[in-house]
Amino acid sequence: MTAPFGQRLADAVTARGPLCVGIDPHGALLERWGLPDDPEGLARFTGAVVDALAGTVAVLKPQLAFYERHGSRGLAVLEDGVARARAAGALVLLDAKRGDIGSTMDGYAGYLRPDHPMAADALTVSPYLGPGSLQPAVDAARRHGGGLFVLARTSNPDAGSLQHAVVDGRSVAQVVVDTVRAWNAADASGSFGVVIGATLPELDVDLTGLGGPVLAPGLGAQGGSVADLRRLFDRGTTVVPAVSRDVLAAGPDRAGLRAAAERWAAALAG
Ligand SMILES: O=c1ccn([C@@H]2O[C@H](COP(=O)(O)O)[C@@H](O)[C@H]2O)c(=O)[nH]1
């Protein structure tokens, strides 16, 4: 029986530190690495990142959009990359940002099934069809020891125009946080997290008693820093800081990728 994602994440963070490195094969990065912008280039890019980092970082976060961009051959590359990353000991958070009516959400929740061709440890999901629409994914996470990260206060500059909207006295973002808190309170697995950008000018949601992790993207290329993480989050909050381009730009050299990830890891530990 697989341990709950919350437990597996805590163990990985203890062993490897909290850093999450995103695998985002932008066309511009492929070009910078001297690779063709096709499935072959994608495979070499993904293989290089997995080989360099899956044995050392706690979480790898492939961005599904950049694989979908290459159709079924791109997805085949990602299936292979996810399996290899997990085999090397990294947790894989599939950044898919899925969300739909409950009956369809059950299909997306398949990414958490162990027999899925792209079985991942955790999935990012979007709550904007209503928190209840995510219930099939919550059920799948509980059944299979998976995790979910729900978009709450995202790192993009205009996110507040929607996420600050007030419903019955609470912001939309706070409703998301409170929903995730309730999921964690119900099973104490700590497997349900929220996404809160490292780029926020201030933390405008109350995370008290969340009981699960915060994925904090936006470091490096989007301007967020380790100082921002310290400013935004209490020491008691389990923060998984996520960096993609700022590490990936150091490739394709294996040592370069490792050194870039180690720089972030050291800054986070300092
Ligand atoms: O609020 C969010 C949620 C997700 N992301 C994703 O994280 C990476 C960030 O990449 P960088 O190169 O480090 O900027 C990317 O895949 C986004 O889709 C986010 O940035 N903000």
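This is a predicted model: local features need pLDDT of at least 70, side-chain atom pairs count only at pLDDT 80 or more; totals for chains, interfaces and linings use all residues.

Author: Two residues are in contact if their C-beta atoms, placed from the backbone, lie within 7 Å. By that criterion, Pro39, Leu42, Ala43, Thr46 and Val50 in α3 meet Arg73, Gly74, Val77, Leu78, Gly81, Arg84 and Ala85 in α5. The residues of this contact of α3 with α5 divide into 7 nonpolar, 3 polar and 2 charged.

Reader: Why are α3 and α5 called roughly parallel to each other?

Author: The axes of helix α3 (residues 39-53) and helix α5 (residues 71-87) come within 9 Å and cross at roughly 10°. Angles under 35 degrees count as roughly parallel, and α3 and α5 are therefore roughly parallel to each other. As for its hand, the crossing of α3 and α5 is right-handed.

Reader: What makes α3 oblique to α12?

Author: The axes of α3 and α12 come within 9 Å and cross at roughly 60°. Angles under 35 degrees count as roughly parallel, those over 145 as roughly antiparallel and those from 65 to 115 as roughly perpendicular, with the rest called oblique, and this makes α3 oblique to α12. The crossing of α3 and α12 is right-handed.

Reader: Which residues of α3 and α12 meet?

Author: On the α3 side they are Ala48, Val49, Asp51, Ala52 and Leu53, which meet Arg254, Leu257, Arg258 and Ala261 in α12. By class, the residues of the contact of α3 with α12 divide into 6 nonpolar, no polar and 3 charged.

Reader: What is the peptide bond that joins glycine 251 and proline 252, cis or trans?

Author: The peptide bond between glycine 251 and proline 252 is cis, with omega at about 5°. Proline 252 is placed in the loop between α11 (245-248) and α12 (254-269).

Reader: How many residues surround the ligand, and which are the closest?

Author: There are 17 residues surrounding the ligand, and the closest are Thr154, Ser155, Pro217, Ser244 and Arg245. Sorted by class, this shell has 5 nonpolar, 9 polar and 3 charged residues.

Conventions. Residues are numbered from 1 along each chain as its sequence is written. Axes are lines fitted to C-alpha atoms, for helices over the stretch in contact, and angles run from 0 to 180 degrees between N-to-C directions. Helices (H or I, at least four residues) and strands (E, at least two) are DSSP runs, numbered from the N terminus. A crossing is left-handed if the near helix is turned anticlockwise from the far one by less than a right angle, and right-handed if clockwise. Ala, Val, Leu, Ile, Met, Phe, Trp, Tyr, Cys and Pro count as nonpolar, Asp, Glu, Lys and Arg as charged, and the others, Gly among them, as polar. A residue is near a molecule or strand if its C-beta atom, placed from the backbone, lies within 6 Å of it.
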